[in-house]
Each structure stands twice: as structure tokens, then as C-alpha cells.
Amino acid sequence: MTFLNLALLWLAGLAAVPVLIYLFHRHRYRVMPWAAMEFLRRAVQRNRRRLRLENLLLLAVRVLLILLVALAVARPVSEQAARLFAGEQRRRHVLLALDTSYSMTHRHGVRSAWERAVGAARGFIDAGLDQGDRLAIALLGAHAQFLYEEPVFADAQGRERVVRELEELEPSATAGDLAGGLAALVEYLPRFQGAAAAPGGVIPEVLVFTDLQRTALVREGALADPAAVAAARRLAELGVPLVFVDCGAERPDNFAVVGLRLDDVVAAVDAPLRLLATVRSWAEEPSSGLVLELFIDDVLNRSVPVELEPGEEREIEFSIQVHEPGVHHARVLLRSDGLEVDNARLLVFEAREGIQALVVDGALDRGAAPAESETRFFLMAIAPFADGRLARQNVVRPHVIGEAELAEADLDRYDVVVLADVIALPGEVPARLESWVRRGGGLLVALGDQVEPGVYNERLWRDGEGLLPARVGEVVLAPGEETFFKLRAESFRHPLLAPFAPREMRQLFYEPVFVGYRRVEPPADAGQRAEVEVLCRFEGRRLASGGAAEESLGGLGDPALLERRLGRGRVLLFTSALDASWSDFFKHIAYYGIWDRAVTYLAAAAAPARNLGVGEPFELVLPATAYAPEIVLVTPAGDRIDKTLERLQSEGAGDRFRLVHAETGVPGLYTLRFRRRAREGAAVEERTEHFAVNVEAGEESDLRRIDVGELERLLPGVRLEVRGERAVAGTPASAEAAGGGRSGELWRPLLLAALGLLALESWLACRFGRRAVA
Amino acid sequence: MAREPAGTAAGGDIRRYLLPDVLARLRGLDLVARLVVEGFVTGLHRSPYHGFSVEFAEYREYTPGDEIKHIDWKVFGRTDRYYVKVYEEETNLQAFLVLDKSASMRLQSPEAPASKLQYATWIAASLAYLMLAQRDSVGLVTFDTEVRDFVPPSQHPSHLKVMLGHLDQMEPGHESDLGAVMHALAEQVRRKGLFIVISDLLDDPEKILFGLRHLRYRRHEVILFQVLDPAERTFPLRDMTKLVALEGEAEEIVDPIAIRKSYLEELERFLDAIRNGCRNTRTDYVLLDTSMPLGIALARYLATRSEVKLR
């Protein structure tokens, strides 16, 4: 038995008062002379035994009466006593839902909201449930999960099991969606047998242990979602009481790192890299004394003070360099508040010596002089530094060949392959290219007047099944001297075009003038197919009124740049030429910006996704040459898991192996250690790979709470109640649901018993003639 | 305490002197006796005793033991019955006021206007006054375990002073033994008379009734005035009380409410025994408590006195 008001238990000592009064009165009497002593003596003799019994009985009733009142005031909670009051018609069906979103890890005082929630849930189970009751546990994170397929019976064994499993639970690292969870809870309710199905059936109770985070309920109008509205309506119809058990802090200020990214598509060794960390305040007061620390490969690199106004989001820029090729990780840490999970953010990136690009210049085989080559300007764009010492500063290392050499090229040595006005692709080249792209290679195909559309379509388009994102068609030339084409983009969200997104930069994108291109036909359903995207188009224009201005010829033009994602690789198709034959593109900054970026973009595509959200699986595909028989994964918690490689059987994969790790529920840095011997007897080679898992930064970090009034507005008609975590143990969600006040809390039956005793005392006192006697 | 002028009591109604709480404010037994009797006689005009004559018969029927020389042969000639010619001194009643002055008579509960002894004294004084006014001969006996004072009967008006003097100076005694006293009186007083016993009778009823039968055997008339305190009759106590015996060493701490019923049952059983005993011995029995008007005692005496005359 436990007491909710243990401090008031001292009142039980007042039970001694009737005894003291009795003893006091026994020794406090008036003295009076008396004559008829004989009658008195006989009367006393006749009644002595009865009087003693009556006195003792009255005394016991009075002592018990005070004891009961004192106990009731101390509010005892007893599982066994609750059992006494339990009856068939007073069963309880209780669905306990715990908010597992990461905001529940916010620590205020000694315990986190999660620990408070588990404690309160446990207290409720211990004190509020009994044999015959039924119980279910739901976990409300990004999605609702139920611990049990069917509600369990809350007998001693069942309760012990549930409590044990409850204590083993951990909050998730995902954002919460209580509104979505509500619909899932309502769907689960019919699993309580007879739940409100028949008149007089047990009305289930739903208790949600949460920090009452406002965004979890009102994020993007979550409760206005039809499913949530229907769930609320259903709850109201069933009369199911919905109790929110408040486990959160009253004023939860929070500062968080909500983003960390490299501004560079590819991180090159020794090159200056721009690292951007985004921090945000959800506090009601300006920050004070915040420090943002940057660690590169676990070594403190920089520490900067940060000041944030309430609600402010700010990007902090760090300039870093890494000097070793390989996988590195950056961690920013904002030492601030009790919600630790969003105080840090990780970024894993691969630093490369350079991007190996195989540039196949179609003009070389046609005997063109270097100055007339297809790729002269393109090479200037992707590798701007001249040969010699400066060339080392080029991130992209181009290797130019003619198309005749392509058949012999080892594609696996390259990150990117560029086909510039290559007439046709001989023999096995298309298949090899496709296999290479699917494995993560990046291919840029630039058309030109030499391209043979039939060959391209047969070998590379293959009715949409091949490499190209569109069928190649005829050449389109500007109809007159005063007509031409310009690039137009519907959006600049694509990483290739992102530099032109600012309004002042767009002019640079619109400046180049094109007079020719090849018409291509993307699949009719390209708009619906995620793997094909038209990045920009040609718009026909002409000079108007003497050349002082230009005007559009109207309508959306043909595609100029398209992308197709194939396997783990990407293909870009440029429908005009890279050289100067069809445009003055090479004269413009846009040319250099786009192609330099295109090569790094394509190269980056081959890299595995190393920065994951919580729950996203990590996948790594390795060539046979990188096979390692011994792989150990070290989780952020320090657990070591043996991993094995799976041989890939997909088409064109060759001898490749895949490693998958799907259990990424815990945010942090995951490390893979590969060990192998190149040959028997050789030294052990070790290689390390990392990937990072970060929480979904954003609204889940906004710990501001929803108030009861808003909840009532959002859940109209629902029998809603908000209780403190301490007030939930043992008390029913409602009198109706609980069948009238049974839950292990004993104050009510104790008071009733005290009232009964009071009546009994009065009756006995009257009957014994002691009304005036203490 | 102010003394009320005799016969002109405030309010003009002398009958109020029959009330014990009024009498308690008066000093002097003679005054009490006179006011009681005058108040009582004033009330007789409207009482069932109206028309009662204080003239007494000069003849009485012959009973064995009477001397033959006292038979009035003239009356015998007229009536063919033997009547004894009663001498002047013998025509009046010889009465004894037998007053219990034992310790138990000292009881006066807080609500009572007088102690039992004081009340008994008032009765005795009033009856003495009344009897002497009727030219009856009256004597006084006080007792506790035995007879303590014995004033022989006399019908002389000055005898009242003697009687009241004894009553006034009477001190409460010890335990009572009415039975023994009645035996002693039965043996001592040979001439048939009227014994007016005024006592709380708190003694063994068997012994009392045995003594009573002895008196009756001696052909004495007996009027038994049992005087109790109102508290003894109703046991109205509420708080825990230590009751200390007026006679002896006994004491008892009691919860009055708890034992009231039993006490009253015991009392009633005792009173029943007395009542039945009196009925069996044809003894007048009057239960009084000290809050009752004294007229009851006087009326009862007069009723008995008239019967005594007729017998």
C-alpha cells in the first residue's frame, strides 16, 4: 500500500484521542453524596459486564472512525484493497499510450519526461488495475505501435509482464505524431472485448502519457486531418474518456542544431570546405552563454559563441580542411538544455583526392584539332587550372579519350564519364556503361550534330529501359538570324541549378544564346516518374523592334537538360552541344558553373548515402575488390554487431556485395570496420567506414506545450481530461468508465466506511445511553 | 433571607406555603407549621375534604379490652349496641410522629428545595400543629438505628413548642433501622394510637415490614410517609459521578446514563415491596419527594384520621 499524502498520515495518531478522553473521563467525575446506595450497587453490579463491553465497543468504533478518516486523508492506494472492490461490472479496459517522440527525452529536474511517463504508467498499472481488467500499451512515435496484438489481462502475472516490458522500453528518436496516433488508438479499441459494443459494456479508457508538445498535435493541422477528426468523433460517440497525463516541464526552453551540411558537393582533400551548421531557438528568452562546438573526427576544431533571439534560426559557417582521403565525420554540439538529442548533429563525408572523369570527345576521332574539340571549354570548366603544379588543385581529374578507346576503358576507375557528341557506342559499351551507372556511376551525355539518333535510341534509350532519359530526335535550328533559344527553368531547386536560385543570379542563367539543339522526347509519363526529370528547357525567342529587346515565341520549349536516376547512378542528358557550334554558352559564367557542378554532382551520386534520418536503412555496395570477410559495426551506444556481405545477383552487377544495416533507430555515429587479408599470409588490412544517423530536426524540438483549452477545441465532444503525472495513479479516468471510483485509491471507501461508523456510533451511543459521554 | 409576614404572604395566597421551595426560605418551624396548616385548611374549601368537621364523636363502639364500667348503658338502651363513653382526654387521637433522622435523610440533591430530613421535619411540625389544633394528643419519636428522642404525647397547646423545639434541635444520626424501632415502639406504646412514620425507608424492606406488622398487631394505625429526594426517584444525573454513601463507607463511580434504567428498576422493585407490604397490613403508604407540596401529607393524614375515628 502506498499513500499519496503520506505526510498527513500523522492524523492517525488522533485515534488515541477517544481513548484519552475515555481515560480522562474515568478519572474526572463529580462527587455527590447518595442515600440509595443499595439500589445503585445492585444496578452497577447487574450492568458492570455489559457496561464494560459497551464502553469498549463504543471506544473501538470511535477509534476506528478517526483512523479511517485519517487514512482517507492520507489517500492510500492499495492493489489488494482495489481488488476487494473489483467486480464483474466494474472491470476496466485501459489503453495506455506512451508518447515516444524524442521530445520526451527532455530532462527537467532529475528525470526526463519519458522516465516520468513510465513511472506514472507503472504506478497506474500497479494501483489502478486488477484481475479481470484488461490492458494494452501503445507507443506513439512517428507511427503508433502496440505492444500486444490483443489486450492482456491485468492479473498479477499480466501486470508484472507489462511493467517489466514497459521498463525496458526506450523513447524513439523520431518526431511524434499524436494526432495520427489517435486514429490508431481508436482503431485498436474494438480489440477490448465488448468495448462499448453493447449497452452496458465496459467503456475503455485511454490514457496518453505525453509532454503535451503542441507540435505533436497541431503540426501542419494534424488534428484537422480527416483521420484524426474521425478518430475524435468516434471517441466522442463511444464516450471514451481521453486522459492526457502531463509528464512534461512547465516551461521547456530549447535550443537545437537543426542542420549541418557541406556546401561543397564533393569534399576534396586539402581544399577549403564550407561547413554550415543551422541552430535555432525555441526559447521565450534570448539565449545566454551558448557555445557551438565543432569536432572533426572527434577532435575539437572550433568553438564559437552563439546568441539567439527567441524563435531565431541562424546559420553558422565553418571553414574546414581535411588532409586525408577517406570518410570523415563532423559533429557540432550546442551545449544548452535538457533535450540532448537535438543539441548535436553529425555529418559524415568522404574526402577525395579528386574526381576521376573520363571525357570521351567525339571530335577527336574525327581528327579535330584540340582547339576544335567538343570538350575544350568543358575541360576548362571542370578543371580550370592549367597543367603543372596548379593542376593538383583541380578537384576533377579529367582523362580525355576518343570514342574508339571507350571500349577498352576500365570504367570502374572513374567517377564520371562524359560523352560529348559521340556518334555511336560500339559493341558492349552501352551495356557496360549501363551496369556501371547502376552501380553508382555518373554519366553526362552531351548531344551534337554528329550524334546518330537511331543508334542512341536503340542502344541507350531502348524505349525508356536504357540509360537515356529521353528518345533522341532531330536537330532543331533557330529559323532565322533574329531568332534563337534561351534556357528556362521552372524551378531552381535541383542542385545543378541551385546557384541560380537567387533572383540576382538568374540573369546569368538566361544570358547564353543557343541556335541549335536536338529535340528529345522524354517518356509521356515523365512527370509521374520520379527517375526522369527535365531540369530546364529551351525557349524560343526573337529580337523585337530593331534588336533593342527580345520577346518570347511562346509555349514551353523542348528539354535542354534532363536527368535520369538509374540504380545508384545518374545520367544527365544535355540536348545541345558542349562546344561553340550551337551556342555561345561557353562564353558565359553559367556554362562553367553548371558543368563544374554537374561533374561533382554526378560523382557524388556514386557515394553511398552516409547521412541518414532515424530509421532509414544504411546500404553500402562494394566491388569484389573491396570484399572483406570480417566486418564489425559499432553502434553509437558502443554495441558491436558482426555484419556479413551479401552477394548481389542483379543484372550487370558482376561480383559485387552489399551490406545493409536497417536498425538505425538510435541517432549518432555508426562505424564499420572491415578486416581482410589481400592473400593468404599477407598482413591484415583494415578499413573504416562511417555513417551518421540524425534526428529529424525541426518541430519536434519545439517543446512548447498545448493548453487544455486548445485541446478541447481540437477534440470537440471528446471527454477530455488533463492530469498531472502524480494524479493518475489509481484514479479512474472517469466515474462512468471505472464503474464508480474503484481504482486502488481507497479514500472514498474509507470515508464511506467512516460515515457508516459515524452512524453506527450514533446508534450505539443512543442505544447504550452514552450520547453525552465521551 | 426575608421572613414573610404570617398569614399575609406576598401574593395573598397562603397556600403557596405548602410548596417546599417557599418553605425553605422561612426560618422557624412554628412559622412553617402554622403557614402550612393554614394554607392547607384554606385550600380545603375547594378540596374533596370540604365539609370535613373537626368535631369528634364522644362515643365509640365497645371493643374487647375496654373496661365494662365505661359502657354507656343509656345508649345501649336506645340502640341495643354497646358504646363506650369516651372521656374528654380520650376522645382525641393519640398520635406519634416517628421521624427518621438517620444520615441518609441528609440527602439534598442540587435541584431539591430541601433535604429529606428538612422536608420530614416540616411534615412533622405541620402535622403536630394540625393535630394539636384538633385537640389530638401527639408525641414525637426520632430514630436512626434506635429511638433517639421520645416526646410523650400531649394535647396541650403548649406541647407544640416542646415538639418544635425537639425538631429544631434535631441532628442527623447514623444508619437507620426502622424495623427495630417499630418493634421497640410496638412494645413500648400499649395504648392504640396512630404512628405517622416519616422516613426514606432506605433499609431492608423485609425488616421494615416485619416491624410494621408488629405495630399493626398492636392495633396501631400507621401512616408511612416515604420521603425521597427527587434525584433518588428519577436519577437525573448525566456526568460521571462518584456517589458517596451517606451511611457507611460505600462509594461508587458510575456512568449515570448507563445504569439509570437498572437503578430505577431496582428502586421500583423496592417501592413495590413496600407498597405491597403496606397493602397487606392495611397501612397507609404515601410516597413523597421533597419537591412535592406538603398538603399531600396533611390531606393523607386527615383522610386516615377520619377513618381512625370511624373505626
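These legends walk through a few close-ups of a predicted model.

View 1. Three strands line up in the order 2(A)-8(B)-9(B) as an open sheet with mixed pairing; strands (E, at least two residues) and helices (H or I, at least four) are DSSP runs numbered from the N terminus, and two strands pair if DSSP finds at least two bridges between them. At the edges sit strand 2 (30–34) of chain A and strand 9 (251–254) of chain B, each pairing on one side only.

**View 2. Zooming in on the pairings.** Strand 2 of chain A runs parallel to strand 8 of chain B, with 5 bridges joining them. Look for A:Pro33, whose bridge partner is B:Val244. Strand 8 (residues 241–245) and strand 9 of chain B run antiparallel and share 4 bridges, and here B:Lys242 partners B:Ile253.

**View 3. A salt bridge between the chains.** A:Arg46 forms a salt bridge with B:Glu266, their closest N and O atoms being 3.2 Å apart.

**View 4. Who touches whom.** Chain B brings 34 residues to the contact and chain A brings 27, where contact means heavy atoms within 4.5 Å.

**Reading notes.** Residues are numbered from 1 along each chain as its sequence is written, and chains are lettered from A and ligands numbered from 1 in the order in which they are written. Local features need pLDDT of at least 70 and side-chain atom pairs pLDDT 80 or more, while totals for chains, interfaces and linings use all residues; side-chain values use heavy atoms, leaving out hydrogens and water.

Methods: A salt bridge is a side-chain nitrogen of Lys or Arg within 4 Å of a carboxyl oxygen of Asp or Glu.
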